[in-house]
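Okay, everyone, thanks for coming. Have a look at this one with me, and then I'll walk you through the contact between its parts and the ligand.

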Amino acid sequence: MQVTIFSARPYEKEFLEKEAPRHHSLKWVQEPLSLQTTSQALGSEAVCLFTQDDASANVLEKLQAMGIKYIALRCAGHDNVDLAKAETLGIRVANVPSYSPYAIAEHAATLLMALNRKVVLAQTQIQANNFSLDNLVGEELHGKTVGIIGMGKTGKAFAYIMLGFGCRVLAYDIVPPDLQKRNLFFVSQEEVFTQSDVISLHLPLNASTQHLINAATLFKLKKGAILLNTSRGGLINTVDLIAALKSGAVGAAGLDVYEHERGIFFQDHSGETLQDSLFEELRNLPNVLLTGHQAFLTRTALRNIADATHLSLDQWEKGEASANELIPKLEAVSY
Ligand code: NAD
């Protein structure tokens with residue numbers, strides 16, 4: 001099958017090409033999919049997309065007119081794809097629901113520990129010959145309460161890590177709990193907000209979760225709580241978070257995703273001035289640690305993504321359904 005891979009990055013090539021010569025012909029396009037770049041997929045039956053690609057209704061119509069029948073997402077989240085429209089147009093969509101929850105959970109833990117023990121500041125000071133410890137006092141995680149919203153694959157993996165640190169874990173999910181562990185308690189969302197020293201988000205972005213973290217919910221947090229988001233930027237109202245970080249209501253934020261990351265993340269903008277004053281404000285706050293949507297970026301995850309992507313393409317080519325086929329449930333929202 002001829003497949004156009006949008007938002008292609010060098011670090012993925014090694015893994016995706018390993019299987020390709022025998023099965024599929026891959027065309028690599030560095031630009032993200034958008035109304036302007038759809039023509040790059042001409043001649044392909046499938047497109048392969050990542051989080052920054054735009055597969056909204058208008059784009060899907062153009063793709064279908066060009067003969068695209070399949071969309072293989074090489075990520076878990078699918079908030080950038082209008083699934084209902086894809087179904088109407090007869091375009092089949094599959095994601096990679098579980099390529100490595102540990103990659104995401106370990107990254108959330110990395111952000112937390114780096115913030116908590118002021119690792120970035122310590123490194124900056126040491127580079128400047130400043131070996132003073134005066135402003136590097138941190139907290140121990142042992143005995144702290146960690147709240148997790150969304151107890152699917154990455155939420156559970158993060159819970160195990162936090163239990164290993166000796167934390168009390170409070171978890172909330174809309175689906176009834178299926179896990180029993182000492183020091184892990186399934187509670188209401190309200191209790192997660194009001195009782196946690198650390199809150200980590202592990203749920204999808206959709207119409208009901210957009211801006212879950214806003215002025216009203218931030219107001220409920222314990223003063224000085226640390227907020228972690230490795231899921232999707234749109235879960236947080238960034239304007240409200242910045243206000244809470246400035247006032248000290250939120251102690252610190254570790255963010256791998258940003259509400260308006262499309263067009264900023266995944267590219268080298270060195271030497272340019274970013275045209276996003278909100279992002280500038282966020283990244284300049286001393287109590288914010290940002291990474292550019294790299295929580296998934298481990299060799300294990302890249303290998304698993306490539307395997308699952310090829311499996312979907314193989315199954316479609318044989319006329320079968322993909323094992324990871326997506327069906328529209330909740331209306332997706334755009335960033
Ligand atoms: P998952 O589907 O295994 O788990 C999501 C959980 O959220 C489910 O248990 C679901 O019931 C729960 N949920 C849904 N709506 C909820 C709500 N309103 N309140 C509470 N819980 C709710 O997904 P996952 O693998 O754990 O991934 C979670 C999200 O992380 C993905 O949707 C994706 O957007 C994001 N993600 C980010 C990266 C990254 O690199 N930063 C990588 C992978 C996934």
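So, Arg-232 and Asp-79: their side chains form a salt bridge, at 2.9 Å from N to O. By salt bridge I mean a side-chain nitrogen of Lys or Arg within 4 Å of a carboxyl oxygen of Asp or Glu. Quick caveat: this is a predicted model, where local features need pLDDT of at least 70, side-chain atom pairs count only at pLDDT 80 or more, and totals for chains, interfaces and linings use all residues. Residues are numbered from 1 along each chain as its sequence is written, and side-chain values use heavy atoms, with hydrogens and water left out.

Now the domains. The assignment, which is an automatic or database one, gives domain 1 as 2–99 + 299–318 and domain 2 as 101–290. Their C-alpha centres are 30 Å apart. Domain 1 puts 14 residues into the contact and domain 2 puts in ten, with contact meaning heavy atoms within 4.5 Å.

How many salt bridges are there between domain 1 and domain 2? The count is one. There are also three residue pairs in polar contact, both residues at pLDDT 80 or more. A polar contact here is a pair of N or O atoms within 3.5 Å; within protein, one must be able to donate a hydrogen and the other to accept it, and residues adjacent in sequence count only if both atoms are side-chain atoms.

As for area, the two domains bury about 990 Å² between them, 52% of it on carbon and sulfur atoms. That's accessible area lost when the two parts are put together, summed over both, with a 1.4 Å probe.

On to the ligand. It has 24 residues around it, and Tyr-99, Lys-153, Thr-154, Asp-173 and Thr-230 come nearest; near means a heavy atom within 4 Å. Thr-230 has a backbone N or O atom 2.8 Å from a ligand nitrogen. Next, Ser-231 has a side-chain N or O atom 3.4 Å from a ligand oxygen. Phe-296 brings a backbone N or O atom to 3.2 Å from an oxygen of the ligand.
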